[in-house]
Amino acid sequence: MAQEASSSTSSKTISLKTGDGEIFEIEASAAKQMKTVQRLIDDLGDDITIPLHNVFSKELPKIIEYYKKDITGEITKDFEAEFVKDLNDDEVKVLFLAANYLDANKLFEFLSQNIADRLESKSVEYVRKYFGVENDFTPEEESKLREERAWSFRGIKEDE
Amino acid sequence: MSPPSASSSWALVPEHLFTEFLSLLPVKSLLRFKCVSNSWNTLISDPNFVKLHLKKSKSHNPQFTLITQHIKDIKGESPYGSDDESEVDHSIIPYSIHSFLDNPSFTLFADHHYLLNEKDCSFVAGSCNGLICLYGFRFSPTYTIHHQTHEYWLRLWNPATRAISEKIGCFIDYRDFCFNFGCDNSTGTFKAVASRYIPDKLTSDVRVFSFDENVWRNIQSFPVVPFNLSGSGEHEAVFFNGTLNWLAVRNDIPYTWYRHHPENLTVEQFVIVSLNLGTEIYNMYTLPQGFDEVPPAEPTVGVLGDCFCFSYSYKETDFIIWQMKKFGIQESWTQFLKISYHDLQLNYDFSNGTLKYYLYFLPLFLSKDGDTLILYSSQELKVILYNWRDHRVERTEVEVRKTIIDDETYNHSCWQNANGFVESLTSIC
């Protein structure tokens, strides 16, 4: 669809190309919220397809969906709850890292809170698995640490 | 290039990204996650992480401490009740302001780790950056018969991590010391202040305890003696921005509201005495120009929405709150709210003319959006939620019980001692 020559930036769209070669459109005003994208636009111009090597076709549409709502001022608690409802912990992880790469602050803060919410009642074992962290305590060290704060181990979720 | 697999991508992620979400976790989770690995233990214990977590805790999860008193009558053997005793205990319970606003009527059971008698402490001096300073005392038989002395001590407690210090800052002296607590903003050093009025000399004894140096140091007396310091009344100081602040009245002898007739007072006599905990030097601030009539009941100072505030009842009709928008700058006093009693849906009986002298309101907290005020009414002994934009009033019913079984303990909430609080990992040493 042809753009009018005198249209404001907000009705212009930018093309983004994911690391796996797919192209997505986004409003220029939404692109502005992602500082990495905006920097690339500033360097390469807004007529070129902006390459995003570290973001893929699985997550970019979700990010675009968030910012579409953001520019119309429609981000509510309900929307945010719905947004993450069906995402599993790995999918949230991927979005979080993508939001960081894109320097998309609002989404990044929202996802940080969501990850914290997901981790809050998890067990130590779950956290190790989720982050790929090795337990480098000796059994004596670990049991001492656990004993010192035994109360903090109560009321945690069973691992899935 | 295929998308990187989820768990492997974390291994390459820099630590500062972990702290973004870890610093949003509650203390209980973080203490547990210290057991994940050595590097997690180091990260969570790192003072910079503790600072970041504190900062986020202040903005995301503002809390308050609810102080409650539990009195249990213990019947003695005499049928005349002559050896009946009362066991008094207090608990200090941190509670989320957001949760309170969402659901303002509830029953809380005071977990034993919130109880003061177990800690051998009597009451709270204050709280700051997630630490609560408790004090205790007991009668100390002394070598002179001329005065009663007490042995005093302090304990520093973090209710979120459940760490508590030994008894520190012990000293023996006269019995009417009052305690306050705060921290030096520039260094973060925690300090306690102990003060007492000396009637014979018409002056006050003020000393400061630095938790870093572990010593008490005498400082200058109050330039003007704060309200109620000479009585047995509550002597609350307001900690704000590295200073402790008291309302005071310039007078030959210290002013105690209930003892002295307010009609002899003028507004010019009122002043705020402010002690900078860094320099340990006093400043004095005058009250707003618009404060032009001595209120019937005692005015109060406090903190509301990140501003130092001053409030009082106006005649028998309104309650007024001023904020010092820029602390220390006289000209920045701004009237924040003038709430009519009518708006609060009060049906108090003012007809006998004496209620106005006893009725006071305490503005406790503001909601994050600043629209809802949490206000304590001394007449109802209850907290009222007042949304000043919509003029909506909600009365709350908060009950705190010491135990789940009804063991005939009389429990009541001391809302006049409620203070802002924040959950933190701050170490007690």
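Guide: Happy to, keeping in mind that this is a predicted model. Let's begin with K167(B) and D120(B), which form a salt bridge whose closest N and O atoms are 2.6 Å apart. This pair links distant parts of chain B, 47 residues apart: K167(B) sits in the loop between β7 (163-164) and β8 (168-174), while D120(B) belongs to the loop between β3 (106-109) and β4 (123-128). Both partners are partly exposed, K167(B) with a relative accessible area of 31% and D120(B) with 36%.

Another pair to look at is R395(B) with E380(B), whose side chains meet in a salt bridge at 2.7 Å, N to O. R395(B) lies in strand β24 (residues 392-395) and E380(B) in the loop between β22 (372-377) and β23 (382-387) of chain B, so the bridge ties together parts 15 residues apart in sequence. Here R395(B) is partly exposed at 29%, and E380(B) is partly exposed at 22%.

K75(B) and D84(B) also meet in a salt bridge, at 3.4 Å from N to O; K75(B) is exposed at 69% relative accessibility, whereas D84(B) is partly exposed at 32%. Over all chains, the structure holds 30 salt bridges. In chain A, E125(A), R128(A), E142(A) and R146(A) are linked in a network of them.

Now the cysteines: the count of disulfides over all chains is 0. The sulfur of C133(B), a buried residue at 0% relative accessibility, is 8.5 Å from the closest cysteine sulfur, in C121(B), which is too far for a bond. C429(B) is exposed at 90%, and its sulfur is 15 Å from the closest cysteine sulfur, in C133(B), again too far for a bond.

Methods:
Residues numbered from 1 in each chain as written. Chains lettered and ligands numbered in written order. Predicted model: local features only at pLDDT ≥ 70, side-chain atom pairs only at ≥ 80, totals over all residues. Heavy atoms only, no water. Disulfide = S-S within 2.5 Å. Buried < 20%, exposed > 50% of the residue type's maximum accessible area, 1.4 Å probe, protein only. Salt bridge = Lys/Arg side-chain N within 4 Å of Asp/Glu carboxyl O. Helix = DSSP H or I, 4+ residues; strand = E, 2+ residues; numbered from the N terminus.
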